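This report describes the fold of one protein chain, then a few of its residues. The sequence and the model are shown below.

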Amino acid sequence: MLTRHIAHARKRTSKVQEDLQVASAELGLAHDALERKLPPHEKWGDVAWALGQNAVVEQKVQQAAQELEEVKDLLHREEAEIERLEQELARRGG
């Protein structure tokens with residue numbers, strides 16, 4: 001039962017991680033397009049701030065996706081440990 005919950009959490013984590021990776025790629029494409037298409041004289045004030053924020057958000061999204069990879073690994077290890085303990089209990093007749 002517990003391993004089923006962990007497996008479900010791991011699958012949901014994978015889905016969120018995929019969504020974050022797609023969002024990061026889309027942010028990167030949007031940022032690159034803006035950098036290429038906007039003339040230098042228009043990259044000041046709010047526009048310069050928005051370009052900078054776009055890059056910062058892209059990095060945060062990438063970092064969140066990487067952290068989710070670590071969470072997935074932890075969930076996988078816990079799932080394996082629970083299965084090992086359940087097998088040990090079954091072997092002992094528990």
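Helices (H or I, at least four residues) and strands (E, at least two) are DSSP runs, numbered from the N terminus. The model is a predicted one, in which local features need pLDDT of at least 70 and side-chain atom pairs count only at pLDDT 80 or more, while totals for chains, interfaces and linings use all residues. Residues are numbered from 1 along each chain as its sequence is written, and side-chain values use heavy atoms, with hydrogens and water left out.

**Overall fold**

The protein has two helices and zero strands. Its radius of gyration is 21 Å, well over the 12 Å that the globule rule gives for 94 residues, so the protein is more spread out than a compact globule. Here the radius of gyration is taken over C-alpha atoms, and the globule rule is 2.2 Å times the number of residues to the power 0.38. Along the principal axes, the C-alpha atoms fill a box of roughly 75 × 15 × 15 Å.

Of the 94 residues, 21% count as buried. Buried means under 20% relative accessible area, exposed means over 50%, and partly exposed lies in between (1.4 Å probe, protein chains only). Contact means heavy atoms within 4.5 Å. Among contacts between residues at least 6 apart in sequence, 82% join residues at least 24 apart.

**Packing of the two helices**

Two packed helices are described by the angle between their axes and the distance between the axes. Helix 1 covers residues 2–37 and helix 2 covers residues 45–91; they pack at an angle of about 165°, with their axes 8 Å apart. The axes are lines fitted to C-alpha atoms, for helices over the stretch in contact, and angles run from 0 to 180 degrees between N-to-C directions. Helix 1 and helix 2 are therefore roughly antiparallel to each other. Angles over 145 degrees count as roughly antiparallel, under 35 as roughly parallel, 65 to 115 as roughly perpendicular and the rest as oblique.

**Selected residues**

In helix 1 lies Ser24, which is buried, with a relative accessible area of 6%. Not counting residues up to four places away in sequence, Ser24 touches Glu58, Val61 and Gln62. Leu29 is also placed in helix 1, but Leu29 is exposed, with a relative accessible area of 60%.

Glu42 sits in the loop between helix 1 and helix 2 and counts as partly exposed at 36% relative accessibility. Val47, in helix 2, is partly exposed as well, at 34% relative accessibility. With neighbours within four places in sequence left aside, Val47 is in contact with Leu38 and Glu42. Leu74 is found in helix 2 and is partly exposed, with a relative accessible area of 48%.

The table gives C-alpha separations for some pairs of residues.

| Pair | Separation in sequence | C-alpha to C-alpha distance |
|---|---|---|
| Glu42 and Ala65 | 23 residues | 32 Å |
| Leu29 and Leu68 | 39 residues | 22 Å |
| Val47 and Leu34 | 13 residues | 9.7 Å |
| Leu74 and Arg10 | 64 residues | 9.2 Å |
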